Amino acid sequence: MYGPLDMVTLAGEKIDLHIMTQPPSGEWVYFNTQVTQSSGRVSFNIAEDKRLGIGVYPVKMVVRGDHTFADSYLTVVPRGTEFVVFSIDGSFAASVSIMGSDPKVRAGAVDVVRHWQDLGYLIIYVTGRPDMQKQRVVAWLSQHNFPHGIVSFCDGLVHDPLRHKANFLKTLTEVRGG
């Protein structure tokens with residue numbers, strides 16, 4: 001989609017995946033091209049010979065048709081990394097506000113996350129909000145001094161955000177080959 005309220009998807013568009021392989025000042029390396037699904041989604045598999053080491057890598061997905069792009073990050077962690085998962089909606093945010101005012105932070109929420117970060121755990125946030133709200137949610141976490149972490153969003157608008165969160169937790173705990 002081209003904006004937070006644009007409901008027209010980029011179906012059938014070629015998307016080039018570029019990853020900065022030596023951040024923060026390395027070159028952008030072309031990895032792959034895929035075509036978006038009818039929902040506008042695209043997924044990439046990284047070939048075995050292009051696998052990345054442990055780290056956080058800036059990602060740029062460029063639409064071939066008009067050169068617009070989306071920025072993101074790819075995080076590669078060692079197998080066996082200990083992490084703690086926090087739900088944002090209803091846990092950290094004492095009030096719910098999707099498009100309106102700034103939701104209030106529940107008292108002590110930031111201290112709880114910092115405690116687990118100080119113990120050495122990777123911080124992962126999960127939300128039932130759609131990925132089109134990425135910028136808003138990440139800015140909210142930063143504005144309220146939550147520690148940096150990985151943030152997982154729903155794929156578009158979903159009717160069962162709790163199921164999304166449960167499925168996300170399941171994929172985090174599955175042992176994958178390779």
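Author: Two strands count as paired if DSSP finds at least two bridges between them. Strands (E, at least two residues) and helices (H or I, at least four) are DSSP runs, numbered from the N terminus. The model is a predicted one, in which local features need pLDDT of at least 70 and side-chain atom pairs count only at pLDDT 80 or more, while totals for chains, interfaces and linings use all residues. Residues are numbered from 1 along each chain as its sequence is written, and side-chain values use heavy atoms, with hydrogens and water left out.

Begin with the antiparallel sheet. This sheet is open and has four strands in the order E2-E1-E3-E4. E2 (28-35) and E4 stand at its edges with a single partner strand each, so one side of each has no neighbour in the sheet. Neighbouring strands are turned by 25° against each other on average, direction ignored; axes here are lines fitted to C-alpha atoms, for helices over the stretch in contact, and angles run from 0 to 180 degrees between N-to-C directions.

Inside this sheet, E1 (residues 14-20) and E3 (residues 55-63) run antiparallel and are joined by five bridges. Ile15 has Val63 of E3 as its bridge partner. On to the next strand, E3 is joined by eight bridges to E4 (residues 69-76), again antiparallel. Here Val56 is partnered by Thr75 in E4. The hairpin of E3 and E4 has five residues between the strands, and in it His67 takes a positive phi near 65°.

The other sheet is parallel. It is open, with three strands in the order E5-E6-E7. The twist from one strand to the next averages 25°. Four bridges pair E6 with E7 in the parallel sense, and Val126 stands opposite Ser152 in E7. H2 lies across E6 and E7, at about 145° to E7. H3 (residues 161-173) also packs on the sheet, where it touches E5, E6 and E7, and its direction makes about 150° with that of E6.

H1 has three buried residues, Ala109, Val110 and Val113; buried means under 20% relative accessible area, exposed over 50%, and partly exposed in between (1.4 Å probe, protein chains only). They cover an arc of only 95° around the axis, which puts them on the same side of H1; the arc is that of the directions from the helix axis to the C-beta atoms. Asp111 and Asp118, on the other side of H1, are exposed. The buried residues of H1 pack against E5 and E6, and just after H1, Gly120 takes a positive phi of about 95°.

A nonpolar core is a set of buried Ala, Val, Leu, Ile, Met, Phe, Trp, Tyr and Cys residues joined through side-chain atoms within 4.5 Å. The largest one has 14 residues, and Phe86, Ile88, Phe92, Val113, Tyr125, Leu141 and Phe146 have the most contacts inside it. E5 (83-87), H1 (109-118), E6 (122-130) and H2 (134-143) each supply at least two of its residues. Neighbours within four places in sequence aside, Val113 is in contact (heavy atoms within 4.5 Å) with Phe86, Phe92, Ile123, Tyr125, Phe146 and Pro147. Apart from this core lies another, of ten residues, including Ile15, Leu17, Leu52 and Val63.
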